[in-house]
Amino acid sequence: MESTERLEHEDIGYLSMKEWNRARWAADYALKFLPWLRIAGYVRFEVEDVRVDASGGAGIGIPPTKLAYIEINRLLGELNRWTELEDAANDMLGQFLLASLGREMSTAVARWPMEDRPHRVDAMRCGGCEQLTLTYRPPRWEGDEIRVDCYCGYVLNHDEFERSVTLIELEQREAS
Ligand SMILES: [Zn+2]
């Protein structure tokens, strides 16, 4: 995947060099970005972009971040049938999947960049003191894990928070 000897060519398979580079970036960055995207809808952003619909309006309570997560996961899963991305680029279906992956990832990363500041979580109550006091804390260094914690000492790691998020989604689905 790191091979650069094809750089002199204009196209890689059916893809333009621009699409190819974007697809390669997308496939690589997705490993880092998807865990964040999975939970991003439950962390309050400064910009009123992600709405966690707790009012129980007409829509189903799935945040747009979750929909993007599902779509990107699906594209990566389908691309798994090729051992190398370059093989996919030489296939009619594969090149379409690669181009879609590049587009979906660019859009998602622009809309919901991985957060580097702490944020309030207002979609769920603290498991310790039952207040809306949870704070999402992003990784502080390369390889560090996210943490969700409360003044009362209650702490969740990424996996635990993701499980809680899954439970919220199940409850919303049953309620709708
Ligand atoms: Zn608490």
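Me: Leaving aside its neighbours within four places in sequence, with which residues is Leu 37 in contact?
Reply: The model is predicted: local features need pLDDT of at least 70, side-chain atom pairs count only at pLDDT 80 or more, and totals for chains, interfaces and linings use all residues. Residues are numbered from 1 along each chain as its sequence is written. Contact requires C-beta atoms, placed from the backbone, within 7 Å. Once neighbours within four places are set aside, the partners of Leu 37 are Thr 65, Ala 68, Tyr 69, Ala 108 and Trp 112.

Me: In what order do the elements of the protein chain run from the N terminus on?
Reply: The protein chain has 5 helices and 6 strands (DSSP runs numbered from the N terminus: helices are H or I with at least four residues, strands E with at least two). From the N terminus on, these elements run β-β-α-α-α-α-β-β-β-β-α.

Me: At what angle do helix H1 and helix H2 pack?
Reply: In H1, Ala 30, Leu 34, Leu 37, Arg 38 and Ala 40 meet residues of H2 that include Ala 68, Tyr 69 and Ile 72. The residues of this contact divide into 8 nonpolar, 2 polar and 1 charged (charged are Asp, Glu, Lys and Arg; nonpolar are Ala, Val, Leu, Ile, Met, Phe, Trp, Tyr, Cys and Pro; the others, Gly among them, are polar). The axes of H1 (residues 17-40) and H2 (residues 64-79) lie 8 Å apart. The angle at which these helices pack (from 0 to 180 degrees between N-to-C directions, with axes fitted to C-alpha atoms, for helices over the stretch in contact) is about 150°.

Me: Which strands stand at the edges of the open sheet?
Reply: The 4 strands of this sheet are ordered S3-S4-S5-S6, and the pairing is antiparallel (a pair needs at least two DSSP bridges). The edge strands each have a single partner strand, so one side of each is left without a neighbour in the sheet: these are S3 (119-120) and S6 (155-157).

Me: Which residue in S5 stands opposite Thr 135?
Reply: Strand S4 (residues 135-137) pairs with strand S5 (residues 147-149) in the antiparallel sense over 3 bridges. In S5, the residue opposite Thr 135 is Asp 149.

Methods: Two residues are in contact if their C-beta atoms, placed from the backbone, lie within 7 Å.
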